[in-house]
Structure formats: structure tokens, C-alpha cells
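Thanks for making time this morning.

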Amino acid sequence: MKFEDLLLEIGGFGRFQILILFVLCLARINLPMHFLLHSFLAATPSHHCAIPHQEAFVNLTMEEILLISIPREPDGTFRSCEMFSQPQFHLLLNSSLQPENDSIIQNCQHGWVYDHSQFTSTISTQWDLVCEQRGLNQATATFFFIGVTIGAVVFGYLSDRFGRKSMLMLSLVFSVIFGMLSAASVSYSMLAITRTLTGMALSGLSLIVLPLGMEWVDIEHRTFSGVLTSIFWSIGNMLLALTAYLVREWHWLLVAVTGPCLLSIIYLWWVPESARWLIANGKVKQAHKHLLRCARMNGMKDFALSPEALRTITTDKKPGESYSYISLFRTPVLRKISLCSGAVWFGVAFSYYGMSMKLTGFGLNMYLSQFVFGIIEIPAKVIVYVLVNRIGRRQSQAWSLILTGLSFTSLRSVVAITGKGLSEAAFTTVFLYTSELYPTVLRQNGMGYTSFVARLGGALAPLVFLLDEVWRSLPEVTYCGVAVCCGSVAFLLPETLNVRLPEGIEDIEKTQ
């Protein structure tokens, strides 16, 4: 007997499974609250150099003081990072004049003055992460995703070794600890370290929630479960916009987005360990207890199976046979799949987080942009699951990513919102597609490898914004180029629509 057959006997998708999925989906809301937090945590309001001895200009208005102290850009706005070494009083007579001698212009010497109309404070205003220090501001997101990348490797191993639920709870506990320490940071170094550790901790939540839910659901409802879990990510997107709108001070914003993790620890105590994992690791008595509980809640009162009988359930794990990440590259066809799928995952994550973090360049209020981006993801997730069954996985994956890249070429709000939907469609498709590309014996390793590559894309995405110092449009060109190239690579992958899932490496090699 296989575990899938046992699930049907106890109710493959009854009240027990629905409640588990609902509780796990609630926990998943925590992820975008942190993963996409950088746009608000590190927002940089308009600013200019602080002007010394300002009290000496008692007869001048603030606008006139700025006029004689701060040089202007060609569009008439005051520069953010430069000031005059001496007041230029002649500009009061003719403000259109520009200094002919650049030697009187210098970098800010006395700090900066920020516009606090939108934000009470951000990490950018807290530690002056502007101008020459602008790179440190963007690096905050990179540090977080480096932590997520490391956490993917750590929790991927630990959840197989010690169980899904225990590692999920450990992930949430550390998320609360490091999240609150981030809110209490007294220096940029402390913030960078604690945000990296927060990313590591949250990676466990990201990796475990979906598999834990899937391992309790029958085959027929796994696709539905995946869509439902993904939709709660979008709900978290919208809640982030609301939270950031209500909380404009960065310390309290971190507290507000970390608090729900504490609630998750409380209600996730009810969720049982994966019975599939327990049986595979010889813990049949615990598995038997959870299975009986599932059967009773689903109304299957006639279910009767002894713990000894559970030992006969077959699993995909073969004695004496082991696989590792190296196995993904040993054979020709599998090597091609791994290289191509890695490129696709990099492009998907790179473009998704590039689009998600560019909230101010699309002509909408940044809070409204975040909220609309969350809303547009929901129909995108529903549509993609229709398309993958009509035109196939390969075409859906390739064109959704290519069109995402092309949407970066326009700053129009409608195009940007459509591009955000396409980027989410690409992300949703790649999860389904990758799980079908790899054989059962290597599927978990394949997902772990591609997730690792994706996090590298997420870590690099915020740094690309710094390229605007070379050429104003270079960030958009970079995002577009990477997405289009990686999307084109998807055409090299085999189609998996209506194809039997491969069980072993030989199934992959002989079909090509």
C-alpha cells in the first residue's frame, strides 16, 4: 500500500485537511510582510544638505535660503547631495543663473534635512544612508536575501532530519527573536546582522509550509492547495501596504510585521507533524495517532489500521541508495534541465523582486502600488493554472517571463500593474513546472537547488537600482534583458503537460 491510498481511506481532502491548510496559509501571510518590507523600511524621502548658521538669514524665507545655498538640477529641483561652499546671494536677483565655477560646489558637509511629510523615520533617515552611502541602503535588502539563501540550505536539511513541524516552530521562534532585535537596532551594523538572521529564520517558514500542507492532501487536490497557499502570499502583500500606511516609523513597522509570527506560533501548535515523514522515519506510533485523528475529524469512523500495518506502507526512499545536489548534473539530460531551470528561476526571482521593490516609479502612490500589486496577483494565479493546462507549462513559463521583462520598458501604471501580474504568473508556473521536471528521487534536491538560485536573484535585484548612476535607464534595461533571456531559456526545457511524472533518473534520460 502507498501513502496516497491510505489518505483516500481516511478522507483525502476533508475537514482535517482544510483546517490544516487554512492555519498554514495564515502563517504564510508573514512572508511577504518581511520579504517585501524593504520598500518601506529603507524608503528615501526627498532631502537636501543641512545648511549651517541658518539663523543668520533671518530676513530670508526658507525657499530663498535654499536658493543661495543649494545648487539646482536642470529641471529646477534642488540637488540632494551637493551645496555651495559660500552663499550665492546674487541668485536672489536672478534665480535662473547657474554658477559657472564648479569649485564652489561641494558635497554635503553638515548632514541632511529630510522631508518627513510621508515618513516619520526610515533607516535611510536614521543613519543618513543617502548619496555616498546609498549603496548601504540598498544592501539592506541584499543582506536579508543572503540570510534567506543560507536558511534554505539549513532548514531544507533540518526539516528532513528532524521533522517539518519542529523546524517550522523553530523558524517562527527565531523569526520573532531576530525581528524584534532588528526593531531595537541602535546601529546600521546591528540592523544588517539581525535582518540577515531574520531572513535565515523566515526561510524555514517559506520552505516548510507548502510541503507540510501537501503531504496531508491527496493527489487530486494538490494543485488547488498550491493555488490557495499562493493566494495568501498576495493577501500578505496587501496587508503590508496597509500596515506601512498606518505605521510610518521604521522601528514600530518592524514590530508590526513581526508580531504576527508570535500569533502563528500559538495556533500552529494544533497542526500535526507530517504522517508521511513519520512513517518514512520509522515513527509509526505517532503517525498512527495523527491518522486516527484525521479519520475521526473527516467522519471516517470505520477506519482501522494497526501501527504494525503502517510499517508495510511503501515510500520512494530506497535502502542503500542516496542522492545529492551533485546528482543533478551527472547525466546529460538532467544536467540540461538543471542548468536551464536554474536560469529560469534566477530570472523569475530577479524580475519579481525588481518589480516589487520599484513602487515609486510607476506614477502611483507607493502604498497604493503595493496594494494594487497584491490584488493583481490573485487573478494572475488563477489564470496561470488555466493556461498551463491549455497551452502547456513550457509556453506559459517562457512567455510570462519574457512579457514581464518587456513591461520594464514602460513606466505607465497600467503596464507596470500588468507586468506585476505577469511576474507572479511566472513565479507560480515555475513552482509547478520544476516539480514535474525532476524525478521523484531527486525532486526535493531539484527544488532546493532552484530555490537557492532564486534567492541569489532576489539578493541581487535591489542592487541593480544603483546602476542609475551610470545611466538613468540602465536598471530597467538590466531587468528587461535578464527576464527576456531567462524566459527564452525556458523554451529549451521539455514539456510536462499530461506527461507521467518521472520516478528515477533513467526515466528522464530515456525520454530524450
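Predicted model: local features only at pLDDT ≥ 70, side-chain atom pairs only at ≥ 80, totals over all residues.

Residues are numbered from 1 along each chain as its sequence is written, and side-chain values use heavy atoms, with hydrogens and water left out.

The structure holds two disulfides, a disulfide being a pair of cysteine sulfur atoms within 2.5 Å. In one of them C49 is bonded to C108, with the sulfur atoms 1.8 Å apart, and the torsion about this S-S bond is about -70°, so the link is left-handed. C49 sits in strand β1 (residues 47–49) and C108 in the loop between β3 (105–107) and β4 (112–114), so the pair ties together parts that are 59 residues apart in sequence; strands here are DSSP runs of E, at least two residues long, and helices are runs of H or I of at least four, numbered from the N terminus. C49 is buried at 0% relative accessibility, where buried means under 20% relative accessible area, exposed over 50%, and partly exposed in between, with a 1.4 Å probe and protein chains only.

The other disulfide joins C81 to C131, S to S 1.9 Å, and with -95° about the S-S bond the link is left-handed. C81 is partly exposed at 27%, whereas C131 is buried at 14%.

In sequence order, the bonded cysteines pair as 1-3, 2-4. C340 is in no disulfide, and the nearest cysteine sulfur, that of C486, is 10 Å away.
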